Structures are given as C-alpha cells and as structure tokens.
Amino acid sequence: MFYSENLKKNKNIKHCFFSRKNGTSRGIYESLNCGIGSKDEKLNVKKNLDIVSKKFGVETKQLILMNQTHSNKVEVVENKNNLIKVESDAMITKSDSLALCVLTADCAPILFYEEDKQIVGCIHAGWKGAISGIIKNTLEKLKEIGGSTEKLSVCIGPCIAQKNYEVKEDFYLAFVNESKENDSFFLKNDKNTFNFDLRGFVNKKFKDFGVSKIENISLDSFATKSEYFSHRRAKKLGENDYGRCISVIRKISSQN
C-alpha cells in the first residue's frame with residue numbers, strides 16, 4: 001500500500017494506492033486483483049473488494065467503480081453503488097458515504113482533495129484520456145461544484161515509467177501535432193521508436209491549469225512485478241490477461 005504525504009495531512013479523508021499484495025486471487029492475478037472486468041474468478045475479485053472496503057470502513061457497495069474507457073468524461077457522483085459502474089474516467093464527490101475508486105495496470109491513478117469545499121476525486125489517466133482532456137475536464141467540473149485549484153492537493157500514483165513505455169511514431173505524432181512542446185516527453189531510441197513519459201505529461205497538465213500542490217509516488221508498474229500489475233508486462237510475457245490495482249479516496253464524516 002502506498003500513501004500521499006500531502007493527503008495524509010488531511011484528517012477528514014482516507015486514501016490509499018493499493019499494491020497487488022494481500023488479496024485472495026491466484027496465478028497471474030495474484031493477489032489483490034480488483035479488476036471486475038478481468039478474467040479472474042468473480043468470487044476472488046469480490047473478496048478482494050471486500051478487503052478494500054473493510055480497510056476504508058465502508059460496505060463493499062459503497063466502493064464506487066468506473067467503467068474506464070480511456071475517455072475524457074467526468075462524473076459527479078452522490079448516490080451510486082458498484083453494481084452499476086459509473087461511465088467515466090474521473091469522478092468527484094462531496095459525499096462522505098462513498099469511496100471513489102480507480103483501477104490501473106500501467107495508467108496513472110490520480111487521487112485528489114479540495115480542502116475548502118471538501119471535495120474528493122479520482123482520475124484514470126492513460127495516454128488517450130490525458131491527451132483528450134481528462135485532467136482539464138475534471139478541474140472544470142471541480143470548479144462547477146464550487147471547488148478551487150488553489151486549494152487542491154493532487155497525488156499521481158504508481159504508473160509505467162518512461163524507460164518501459166515504448167511507443168511508435170504515430171503515437172509520437174499524435175502528441176506533437178497537439179503541441180510541439182509535447183516533444184519534451186519523448187526520447188527516441190535506437191529502434192526508431194520512442195519512450196513516452198506519461199507521468200511527466202500528466203504533471204504538466206495539472207501545472208498548466210494552475211495546480212501547484214502535486215505529489216508523485218514514482219513507482220514503475222512495469223518494473224515492479226511483486227508490487228503492481230502491468231498490462232504491458234503481461235503482454236510481453238505472453239499472458240492472456242492481467243490484474244488491476246485499486247486506488248481509493250473517501251471523505252470521512254465528522255460523526256465517524
């Protein structure tokens with residue numbers, strides 16, 4: 001489990017970037033696979049979600065999961081349950097009865113807290129969502145419900161590092177066609193492909209929109225097999241599926 005030092009300072013929220021450890025799944029999903037869309041045994045995934053909910057002091061139905069499609073869609077959630085996944089790649093809430101969750105296996109899990117209006121949120125930031133505006137849209141939605149980037153603490157969790165994120169020229173061109181400045185997030189290698197800095201790109205997007213309190217848990221999901229699931233590593237190893245790690249944030253009621 002991994003924590004943000006900045007988010008830990010706020011006593012009225014709980015959060016965690018869970019690793020793949022201390023769960024019930026076996027084989028390629030060992031052990032805390034929370035990917036309900038994976039090919040893992042459904043009972044094991046449910047048990048893993050039960051483990052997570054217990055650590056957060058909520059019922060499993062209070063874990064709010066997204067149907068993540070690498071979109072730029074953001075939803076404000078107030079009364080949902082995980083039987084119906086939220087169709088988005090980011091969520092925000094003022095509710096203290098919900099625990100917002102993001103699933104990742106190389107993409108960047110992002111948790112945040114707006115201190116003034118006590119708003120919590122999460123973002124699933126892969127390259128598609130990042131380039132198409134998931135961060136901008138989330139911050140705009142935050143402002144719509146009264147939040148401010150000046151009072152925002154953001155933590156970007158474990159994701160694939162640049163040295164292991166190899167991409168082809170069409171990928172590179174998609175970014176530099178958006179902005180020539182994006183060239184700085186790519187390193188050309190001796191195979192005539194590129195290595196992309198997803199973490200660096202996501203950090204810049206937050207800074208571009210006035211967020212200054214940004215923290216990183218700089219763990220490489222690809223390189224740390226014992227700690228984190230990785231889509232790219234699974235593909236390289238010829239595995240037909242992969243687990244997903246969960247990151248969770250919850251606002252705590254003053255009555256708790």
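Ile110 stands opposite Ile156 in β8, a handy place to start. This is a predicted model, in which local features need pLDDT of at least 70, side-chain atom pairs count only at pLDDT 80 or more, and totals for chains, interfaces and linings use all residues. Residues are numbered from 1 along each chain as its sequence is written, and side-chain values use heavy atoms, leaving out hydrogens and water.

**The sheet**

- β6 (residues 108-114) and β8 (residues 152-156) pair in the antiparallel sense over five bridges; strands (E, at least two residues) and helices (H or I, at least four) are DSSP runs numbered from the N terminus, and two strands pair if DSSP finds at least two bridges between them.
- Both belong to an open sheet of six strands with mixed pairing, in the order β3-β4-β7-β6-β8-β12.
- At the edges, β3 (74-76) and β12 (213-216) each have a single partner strand, so one side of each is left without a neighbour in the sheet.

**The largest pocket**

- The largest pocket holds about 830 Å³ of space.
- Of its 33 lining residues, His70, Ala105, Cys107, His231 and Tyr242 are the closest to the centre.
- A pocket here is an open set of points on a 1 Å grid over the protein atoms alone, where a 1.4 Å probe fits, with protein on both sides within 12 Å along at least five of seven lines; lining residues have an atom within 4 Å of a point.
- Grid points are joined across faces, edges and corners, and the volume is the space filled by probe spheres set on them.
- Helix α7 gives the largest share of the lining, four residues.
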